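Me: I'd like a close look at a single part of this model, with its surroundings described as you go. Could you take me through it step by step?

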Amino acid sequence: MGHQSHGDAEGSYAPLSMLAAPTVGLLSNTTATEGITPAVAKGARYVERSSVLRLPTDRWKYLPVGRTASAVVTPDDPTARQQIAQSRAWLAAGTVPGSSPPQRAAAERALLTMRALLRPNGAMAAGWTPGWMYSWPRDSSFASAAFAHTGHEAEAYRILRYSAATQRKDGTWDARTKLDGSGPPDGRRWQLDANGWVPWAAWQWYQTAPRTTRHARLAGLYPMIRKAADRAAASLGADGLPPASPDYWELMTTTANIGTAAPLLAGLNASADLAAEVNRPDDAARWSRAAGRLSSGISRKFAPLGYQRTVDGQHGRDSAVAFMAPPFNAAPADLPRALDATHKALLLPNGGLTPGNDPTAPWGGNAWTPSTSFFALAWAGTGKTAKARQVLDWVLSKRNSLGELPEKVDRAGRPSSVAPLAWTGSITVLSLVALDGRTLPTPPLRS
């Protein structure tokens with residue numbers, strides 16, 4: 001069981017109907033979390049800018065500090081009110097992006113959700129339903145970047161420290177780990193894209209971290225970055241591309257895929273720039289050369305296909321084309337056309353996107369909110385703000401009754417699967433930051 005590929009694409013994953021009732025919201029005291037079931041959520045709503053739930057009876061349900069089970073109290077309960085005040089103070093300590101009240105409300109909820117899913121040790125749960133209660137390096141990296149760009153540096157850095165602690169000796173990461181950091185929950189194949197996502201997240205954190213402390217903290221992360229970048233560089237073949245690997249779909253491909261190549265390019269460029277920051281010119285030069293080889297390989301092999309899923313051209317369009325855009329990579333000149341063509345090919349009648357149209361991995365009629373949100377971020381990063389806002393408006397319109405972002409949207413346009421999903425929340429927050437005019441930085445291709 002796992003959150004990216006449930007049932008729709010691969011029969012070995014348990015369908016959601018076999019799992020416990022999916023969550024639709026979260027109660028949290030920042031050290032413990034409890035899922036809100038659909039039955040509890042009926043007629044309820046969060047107290048504004050908090051993780052305290054107002055029930056239809058006007059009583060409050062919340063997770064007291066030091067407890068792992070919720071309590072129901074009257075609205076004058078002082079400890080519940082204190083928790084509300086603390087949540088609001090945490091939001092106020094950072095920046096809530098959004099140009100309208102609905103956007104800001106969505107961003108506030110996404111940030112509080114990310115905070116609720118973040119464990120004290122830095123593990124970032126993808127969601128709070130069995131099968132999702134693990135930490136994926138990819139999802140965690142997006143969350144770290146979203147925290148960093150909204151002024152929550154401590155949370156961003158905590159995630160990166162967890163990534164350093166769970167990196168394997170060979171410089172790679174397991175596809176996912178248990179939240180206590182003890183290792184993977186199963187034998188799922190590891191994924192090379194983490195070697196791009198984690199250094200990229202570290203670079204994004206560094207751009208926003210306090211200058212008085214960031215250099216010392218980067219030194220602590222640098223061994224992780226070095227191992228990750230060296231492994232990424234060593235993986236490149238004679239054609240400059242990485243080997244076949246499971247992509248973000250968590251499905252193996254037989255040839256190189258864009259869902260791995262693009263993150264690795266971002267990660268190598270990020271690693272080279274960070275190496276220069278810590279005065280490691282040899283590392284910077286080595287990783288810059290590798291990034292140049294990879295960039296050339298992508299131009300030769302993927303670009304003529306419109307950045308489709310695989311270099312053999314047999315597996316269709318892929319929403320991972322967005323990984324070639326800022327804030328991951330400087331957009332190639334032909335990327336706008338590829339983004340448009342891919343969006344058109346993957347658009348479903350309900351207005352959202354399927355992850356891809358690979359005929360060997362049918363996804364059915366459900367739209368995936370992460371895949372859809374990629375285009376809001378990519379179009380915001382390439383200056384197509386009207387297109388970005390249109391996509392983002394659709395995603396935000398699919399929040400559930402508690403204002404949480406779901407993993408999927410069904411054929412009828414209703415929130416589906418689990419909610420909230422940390423990955424979608426992170427992409428949404430980053431998109432709102434970019435649309436606010438605060439351009440998200442992109443790792444440079446160093447010469």
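Which residue caps the N-terminal end of helix 8?

Reply: Happy to walk through this with you; please keep in mind that the model is predicted. The cap of helix 8 is Asn257, which places a side-chain oxygen 3.3 Å from the backbone nitrogen of Gly259. At the other end, helix 8 is followed by Asn279, a residue with a positive phi near 60 degrees.

Between these ends, helix 8 has 20 residues, and its first and last C-alpha atoms are 29 Å apart. That is close to the 28 Å expected at 1.5 Å a residue.

What does the helix pack into? The largest nonpolar core of the model has 122 residues, and Trp205, Leu268, Leu294, Ile298 and Tyr307 are those with the most contacts inside it. Helix 8, spanning residues 258–277, gives the most to this core, with 11 residues. Setting aside neighbours within four places in sequence, Leu268 is in contact with Ala229, Ala232, Ala233, Leu236, Trp287, Ala290, Ala291 and Leu294. There is also a second, separate core of 11 residues, which includes Val24, Ala32, Tyr46 and Leu402.

From here we can turn to the aromatic rings. The whole structure holds 22 aromatic pairs. In one of them, Phe142 and Trp197 are tilted, at 5.0 Å centre to centre with 55 degrees between the planes. Phe142 belongs to helix 4 (residues 137–148) and Trp197 to helix 6 (residues 194–208), so this pair ties together parts that are 55 residues apart in sequence. Phe142 also pairs with Phe328: the ring centres are 5.7 Å apart and the planes stand at 55 degrees, so this pair is tilted. Here the link is between distant parts of the chain, 186 residues apart, as Phe328 sits in the loop between helix 9 and helix 10. Phe142 is buried, with a relative accessible area of 0%, and Phe328 counts as buried at 4%. Trp197 is buried too.

In contrast to the buried Phe328, Ala333 is exposed, with a relative accessible area of 82%. The C-alpha atom of Ala333 is separated by 56 Å from that of Arg59, and the two residues are 274 residues apart along the chain.

To finish, a look at the strands. Strand 1 (residues 25–28) pairs with strand 2 (residues 33–36) in the antiparallel sense over four bridges, with Leu26 opposite Gly35. Their hairpin has four residues between the strands, and Thr30 takes a positive phi near 75 degrees. Elsewhere, an open sheet of three strands has the order 7-8-9, with antiparallel pairing. Strand 7 (367–368) and strand 9 (415–416) are at the edges with a single partner strand each, so one side of each is left without a neighbour in the sheet. Strand 8 (residues 408–409) is joined to strand 9 by two bridges, and Lys408 has Ser416 as its bridge partner.

Notes
Residues numbered from 1 in each chain as written. Predicted model: local features only at pLDDT ≥ 70, side-chain atom pairs only at ≥ 80, totals over all residues. Heavy atoms only, no water. Core = buried A, V, L, I, M, F, W, Y, C linked by side-chain atoms within 4.5 Å. Buried < 20%, exposed > 50% of the residue type's maximum accessible area, 1.4 Å probe, protein only. Contact = heavy atoms within 4.5 Å. Expected span 1.5 Å × (residues − 1). Polar contact = N/O pair within 3.5 Å; in protein donor to acceptor, adjacent residues only side chain to side chain. Pairing = 2+ DSSP bridges. Phe/Tyr/Trp six-rings, centres within 6.5 Å; stacked < 30°, edge-to-face > 60°.
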